[in-house]
Each structure stands twice: as structure tokens, then as C-alpha cells.
Amino acid sequence: MTSRIPRDSRLRLVRPRPLAAAPRAVNQRRPRRPAPRPPEGTPVAAELAKMARTGLAGAVRVARWADNALGPGRDAATADGKATLSAASAERAAADLGLAPDQVRADWDTARLAGLVEVHGDSARPGWRLRAWDRDDSAVLRGWVALFDAWSLALPEPEGHEPAAVAEAVSAMPQVLSFLQLSAGPVPVEQLLDLLQQRVIELRTERCEVTYEPGAEPPVEAAEPAGSPDAPAASLAPLLDWALEALASVGALTCDAGQATLTPLGSWAVWVKLEQICVAAQSPAGNIEQSAEDMLRGCAQLRPNAARAEYRAWLAARTVGSAVSELIDAARGEDALLRGLAFEALRVVGAPAEPDVRAVVDEPTLRPYALLWLAEHDGLDPEDAHEVLTREEATWLWVDTAAAVADHGEAPMLVRHLESAVQPTVPRLLDEVRAVGHPRTVQVLVALAAAHPDPALAKAVRRAAFQVHTGG
């Protein structure tokens, strides 16, 4: 016997929540994990940023000149029509800024390495760090770390050395820098040369995959690195001098009286790199080597804190640009859950992802997620970020999140998902859901009708699903 008591089909009004992913459909707040503290004596971030601004002042000046003189549509474009710093542009910048052309070229190269200028094919444009330079200390520090990472490009390599030998020295320098950071003071260059020599020998030994028969003599090429430990020292000395000079040119260390000392910025940057390695080594779910899509699938069942730790580990093992591109490509797929999780991972990336997120705002599938990301990035509370969405965008996002719940969640979660709709009644929700044209509308409505315990509401939802299916 069915009840004839009239049912109130109105949805219970609740404060809408950001609908970034199915796991967040249940009201889980994101506790913040305290950031690791740098070694004692490290200047605060504001002081480090001040040092970085001072060291990169010349690069910023040339980047801003290029933004004004070489931007699209400007009369001062180069003769070949390319917004790159050609010889003519260098001469013009030197005249405008009162500098020597060689200094302009050096500052231009530094600006490119620090991300103040981004070169795309035959054109150049200001990087996001240049826009945020005066107001965002984190942008300044990220720019300086990018320059620190590219120290081997700051000066030409010494002549007379094989590319493989130069590559070995570059690969061995992180251990040398770690030793300098742990020493927290001047270290004789001779001691650093010994350490560099040992590390190069280790690298050569690790690459040696030749197996020998018992009693057989190893080939001379294989035996040389391990059997003659003093042999590389003479050839490594000029490479070490070049490395130290290049690191000094970017402001990471100083060399005086045969001793090298990390600057406060250099010591902090080495600590940051060591922290990234530690985070990558502590991946809780072992997804570091996976693609973005597989990593996100592996994080789907993790709690929010564990998932963010996995995102950090995965990001630490990649360059920011390639990681962001992979995450956005994964978000473009058909799985709505991965779309939400991809933007959760982009929240961990933070400011460096902003240009790429802005670039996808016009893609209908990604637009609501991108707008929420940008709103939170601009300082809006996550609970209020939904206000930047139009009614149609919020409804589209509601359907997309419901699709993720239907594919990966449980029936009660899908029923609870009704509470996050912006529409006050079921009929209005169904009308607007039908209007937005989400490709998963029919599947979502069928799943919702099957999950909801109210027969009358379920019948109305099934009728709406049939009408969408038949085009009625």
C-alpha cells in the first residue's frame, strides 16, 4: 500500500560547496599541513625575496623594457618581425637603458632563465612572474630558484672538454652543493674537488654494466674510473671552477681565497631541493613514475591529506610546466572524477599553474573548474568561490560532479549530492539540468532515480531522463 501523503519535493537549502571532485561531495574540509621549516639562521621569505629582487634587478629592467618595446602591435618591434632580442634590439635596449649591449644580452638571458620572459617559437612575452614581481614574494623566489636550477646555462662551458665530461660534472654538483649547505660555512675548493671527483667516479661506476667471466681482466675503459681514482682530478678542476663561477654569477655562492660559501639564497635553494627529494621519496602510494591520469586514478580512494601528499611527490619529480600540461590533458578526458582530481592537484601546484589554467577558461568542459581555481587563487574562500560561476556553469558542474559520483561513488553519496544544487526545487533543477546539455545528463538522472528512496521524486527524475534521451 503506497502512501498518499503529499511529499514536499523542495530541496533542502544548504550553502553550496565547491564541486571540484566526487570525494569532496561529502563535506570534508581540508586541514592544512604545516610547511617544513628551513634550517636555523635562514632569513625569512620576505628578506630572501628582497635579496632575489636585488640580484635580478637588471633582468627585470630588461624584461620590462622588452614588454614595452617588443610587445605585439608595438612600433618598436625588431626588423625581422620577431619579438626576440636580436642584435638590433640589444642595441636599442642599450641606448634606452644606458647600458652596454653585452650587459643587455646577459640580463636578457637571466630574465629568460628566471621565467621573467617566456619564449615561444619566434616570439617572446612577459612571464607571469614579471607581472607579480612587485607584489608576490613567492613569485620572486620561484623565479630565483628557476635561475638556480639553470646555473649550468649561465656561463659558456669551458673549452676542450667532452660533452659527456661536462654532463658528469653537472650531474655531480648537487652533492657538492649539499655538502656546502650542510657545512654552513666556507669550504676549501680543494675539498670540493675531491668530493666532485668521488661523485664522478660513482656515476661512471653506476653506468658500467659490463659483466666479466671469473678470472678475466676487465676492459681498460671499464676499469679506468674505479681503478684510477686520481685520473679525473686534473680534468675536473677547470670544470669545478666553471661550475663555481656559474653558481656565483646567479648569486648562489661566493668564492674567495680558495674557499666557496653558499649565500643565504643559495643555502635556502639547496634546502628546498633537498625537501623536494625527500617528499618524492616518501610517496605514500608509489605513483611517482605514473602518468598524470594513472596517478590521479591511484589517488581517487585516498583521503584528502594523503592525496595531496601524493600530488606533491608526483610534482616534485617533474618540471612544473610538463606536470601542469599533463594534469590539464587528464582533465580533458571523459572521466569526471579525474577532472576534479586534476584541479585538486593544480591547487597544490599553486601560482605557476595560473597561466595554463587561464588558458582553458574558454573550454566548456574545463571552464567551471578553471573559474573556481582562479577564484581561490585570487584569495576567495573556497566556500564562497562558487559565486564566480553563472547559474548555467554551476548546473553544468553539478552534473559533472554527479557523473563522477555515479561512476565511482555510492548511491547515498549521489542522493546527498542533491543538497549542493543551487536550484531550490527538484523541478527547477531538472529543467536547468536538461538545458545545460551535459553529455552525461541521461546517465546521471537514471542513476539518481535508481538511488533516491522517494518514489515520487525518483519517478520525476526518470521522466526527465527519458525526455532528455528522446529529445523531448
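Me: How many bridges join β3 to strand β5?
Reply: This is a predicted model, where local features need pLDDT of at least 70, side-chain atom pairs count only at pLDDT 80 or more, and totals for chains, interfaces and linings use all residues. Residues are numbered from 1 along each chain as its sequence is written, and side-chain values use heavy atoms, with hydrogens and water left out. Strand β5 spans residues 259-262 and runs antiparallel to β3. The number of bridges joining them is 2.

Me: Which are the edge strands of the open sheet?
Reply: The sheet has 3 strands in the order β3-β5-β4, with antiparallel pairing. An edge strand here pairs on one side only. That describes β3 (187-188) and β4 (253-256).

Me: How many helices does the protein chain have?
Reply: The secondary structure includes 5 strands.

Me: What distance does helix α6 reach from its first C-alpha to its last?
Reply: Helix α6 covers residues 137-149, which is 13 residues. The expected span is 1.5 Å times one less than the number of residues. For α6 that expectation is 18 Å, and the model comes close to it. The helix reaches 18 Å.

Me: Which residues of α6 are buried?
Reply: Buried means under 20% relative accessible area, exposed means over 50%, and partly exposed lies in between, with a 1.4 Å probe and protein chains only. By that rule the buried residues of α6 are A139, V140, L141, G143, W144, V145, L147 and F148.

Me: Which residues is W268 in contact with, leaving aside neighbours within four places in sequence?
Reply: A nonpolar core is a set of buried Ala, Val, Leu, Ile, Met, Phe, Trp, Tyr and Cys residues joined through side-chain atoms within 4.5 Å. The largest has 66 residues, and L116 and W268 have the most contacts inside it. Contact means heavy atoms within 4.5 Å. For W268 the partners are T42, L48, L141 and V145.

Me: How many residues does the second, separate core have?
Reply: Its members include W396, A402, M413 and L418. The count is 63 residues.

Me: What is the separation of D102 and R105 in helix α4?
Reply: The two form a salt bridge, with the closest N and O atoms 3.4 Å apart. A salt bridge is a side-chain nitrogen of Lys or Arg within 4 Å of a carboxyl oxygen of Asp or Glu. D102 is exposed at 60%, while R105 is partly exposed at 32%. In helix α4 (residues 101-113) they are about one helical turn apart, that is, 3 residues.

Me: Is E354 buried or exposed?
Reply: E354 forms a salt bridge with R358, the closest N and O atoms being 2.9 Å apart. Both lie in helix α16 (residues 354-359), 4 residues apart. R358 is partly exposed at 43%. E354, at 17% relative accessibility, is buried.

Me: Which residues do salt bridges that share partners join into one network?
Reply: The count of salt bridges comes to 18. Those that share partners link E293, R297 and D335.

How values were computed:
Two strands pair if DSSP finds at least two bridges between them.
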